[in-house]
Amino acid sequence: MIEQALLTGIDMLTQAVERLAQMQGNRLTRTELCSRLGIHRNTLTNWLESDRRFPRPDKTGKWLLSDVIRWESTSLPDH
């Protein structure tokens, strides 16, 4: 019961952070995204080529932070 309450709370917090990021419109550069994920830029390129669920950059080449947060909360990289 406590575990379920914790999971529900984490879900609610994640959604709140996503909404805040969406409203703020914060975007990450390739360098910032790689740093956030702790990966090399070549790994990012591989993920973009092989994982359709991974967020795509916008027309300016930046990633919407809310998309990244949503992906982080629902996907664990298996690459």
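**Close-up views of an aromatic cluster and a helix contact**

Trp47, Phe54 and Trp71 form one aromatic cluster. The model shown is predicted.

**View 1. The edge-to-face pair of tryptophan 47 and phenylalanine 54**. The structure holds 3 aromatic pairs. In the pair shown here, tryptophan 47 and phenylalanine 54 are 5.6 Å apart centre to centre, with 65° between the planes, an edge-to-face arrangement. Tryptophan 47 counts as buried because its relative accessibility is 6%. Phenylalanine 54, at 3% relative accessibility, likewise counts as buried.

**View 2. The tilted pair of tryptophan 47 and tryptophan 71**. The ring centres are 5.7 Å apart, and the planes of tryptophan 47 and tryptophan 71 make an angle of 45°. Tryptophan 47 belongs to helix α3 (residues 41-50) and tryptophan 71 to helix α4 (residues 65-74), so the pair ties together parts that are 24 residues apart in sequence. Both tryptophan 47 and tryptophan 71 are buried.

**View 3. The packing of helix α2 against helix α4**. Helix α2 (residues 30-37) packs with α4 at an angle of about 25°, and the two axes are 12 Å apart. Because of this angle, α2 is roughly parallel to α4. The crossing of α2 past α4 is right-handed.

**View 4. Residues in the contact of α2 with α4**. Helix α2 contributes Leu33, Arg36 and Leu37. From α4 come Leu65, Val68, Ile69, Trp71 and Glu72. By class, the contact comprises 6 nonpolar residues, 2 charged residues and no polar ones.

Methods:
Residues are numbered from 1 along each chain as its sequence is written. This is a predicted model: local features need pLDDT of at least 70, side-chain atom pairs count only at pLDDT 80 or more; totals for chains, interfaces and linings use all residues. Side-chain values use heavy atoms; hydrogens and water are left out. Rings of Phe, Tyr and Trp (its six-membered ring) pair if their centres lie within 6.5 Å; planes under 30 degrees apart count as stacked, over 60 as edge-to-face and the rest as tilted. Buried means under 20% relative accessible area, exposed over 50%, partly exposed in between (1.4 Å probe, protein chains only). Helices (H or I, at least four residues) and strands (E, at least two) are DSSP runs, numbered from the N terminus. Axes are lines fitted to C-alpha atoms, for helices over the stretch in contact, and angles run from 0 to 180 degrees between N-to-C directions. Angles under 35 degrees count as roughly parallel, over 145 as roughly antiparallel, 65 to 115 as roughly perpendicular and the rest as oblique. A crossing is left-handed if the near helix is turned anticlockwise from the far one by less than a right angle, and right-handed if clockwise. Contact means heavy atoms within 4.5 Å. Ala, Val, Leu, Ile, Met, Phe, Trp, Tyr, Cys and Pro count as nonpolar, Asp, Glu, Lys and Arg as charged, and the others, Gly among them, as polar.
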